[in-house]
Amino acid sequence: MHCVRGEAFIFGLHIDKTMSTPEHHRCLIIGSGPAGYTAAIYAARADMKPVLYQGQQPGGQLTETTEVDNFPGYPSGINGPQMMKDLEDQAKRFDTDVRYGWVTKVDFSGPVHKVWVGDNQETEIHADTVIISTGASAKWLGLESELRLRDLGGGVSACAVCDGFFYRNQEVVIVGAGDSACEEASYLAKLCTKVTMLVRRDEMRASKAMQHRVNSLPNIDVLYNTETLEVMGQEAVDGVKVKNNVTGAEHVIPATGFFVAIGHKPNTDVFKDFITLDSQGYIVHAHPGTSKTNVDGVFVSGDAADKVYRQAITAAGTGCMAALDAERYLADRGIH
Ligand code: NDP
């Protein structure tokens, strides 16, 4: 089964240096994953004339996945980039103004929210409501071999639920020791003949229940005090070279897949002076059960505020909530 995660951050330029006064919009959506596009569909259908900035990775993390088999409504599955194109087309059908652009500065201190787009803040936009849908990005170890094979599509992945299917009846390695790593290792153990889990310390960070689950599965081998030195293989992974950081001993684990589950980084840095973030950088909901942030008129949807579910369908659901919350905010203030 291929699962999908939330959405992207914003990047690029939308330059109009001829503008003397900033554009003013009722609804500005930042980010173009399932959360952002769903917010756009709802906001556009409510006649809020949304402007959506797509960002660095238009379509978000879904554009990195192949088949999407778990989004309701696609009985035969769909590939990730096509699904994002469909979402974009649906948003445009209701006249969402979809733009390529990277938000580099915001000022949420007043009733009108100010956002600057472009590396040199070329474009200034004013908006009554802002919906943040900037998503989160997987963390990587940063090894040259890991990133090279990842970019080649050669067997390095940060999403076992997305890509585990390709490694059925094969041996894989997963790095990480948190709840995500345990969850993904357990998932892989159902598909693969052997899963080797690399834990850098002498204990896991994951909850006891998750550790118990991992330890109860006979085809998961946990190596403690173990670090990755190199992901081996030219075109595709064929092994992982590791080192025991206590004994110094090195060895190679045969594997065709290398999974990295060492956490995600929410794409929220640009908002940190105005929006309340938790210790990991995720946006905190001001009122649980809504999309409201601590700033009136600024809403959040998708992975930027979700470290638990991180699925396309949950991102889309919260995109809908954010648009409905923004619509009510405008209606309450008589902004048409
Ligand atoms: P965490 O930050 O909890 O864990 C990251 C893990 O990766 C840690 O064990 C860390 O090791 C390890 N790590 C980090 N960098 C490296 C590195 N360079 N080399 C090797 N290992 C490394 O992230 P998760 O994604 O697991 O979880 C994020 C949050 O989501 C947590 O709050 C978690 O509880 C929650 N969650 C809950 C789930 C559930 O309840 N079902 C499922 C998934 C996530 P170290 O411990 O040594 O720092």
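Trainee: Which helix gives the largest share of the shell around the ligand?

Mentor: Helix α5, residues 179-191, with 3 residues. Helices here are DSSP runs of H or I of at least four residues, and strands are runs of E of at least two, numbered from the N terminus. This is a predicted model: local features need pLDDT of at least 70, side-chain atom pairs count only at pLDDT 80 or more, and totals for chains, interfaces and linings use all residues. Residues are numbered from 1 along each chain as its sequence is written, and side-chain values use heavy atoms, with hydrogens and water left out.

Trainee: How many residues surround the ligand, and which are the closest?

Mentor: There are 13, counted if a heavy atom lies within 4 Å. The closest are D179, S180, R200, R201 and R205.

Trainee: How much of the ligand does the protein bury?

Mentor: 73% of the 910 Å² that the ligand exposes taken alone, by Shrake-Rupley with a 1.4 Å probe.

Trainee: Other topic. How many aromatic pairs does the structure hold?

Mentor: 6, with ring centres within 6.5 Å. F108 and F271 are stacked (planes under 30 degrees apart), at 6.2 Å centre to centre and 10° between the planes.

Trainee: What does that pair tie together?

Mentor: F108 lies in the loop between β6 (103-107) and β7 (113-117), and F271 in the loop between β18 (264-266) and β19 (298-300), so the pair links parts 163 residues apart in sequence.

Notes:
Rings of Phe, Tyr and Trp (its six-membered ring) pair if their centres lie within 6.5 Å; planes under 30 degrees apart count as stacked, over 60 as edge-to-face and the rest as tilted.
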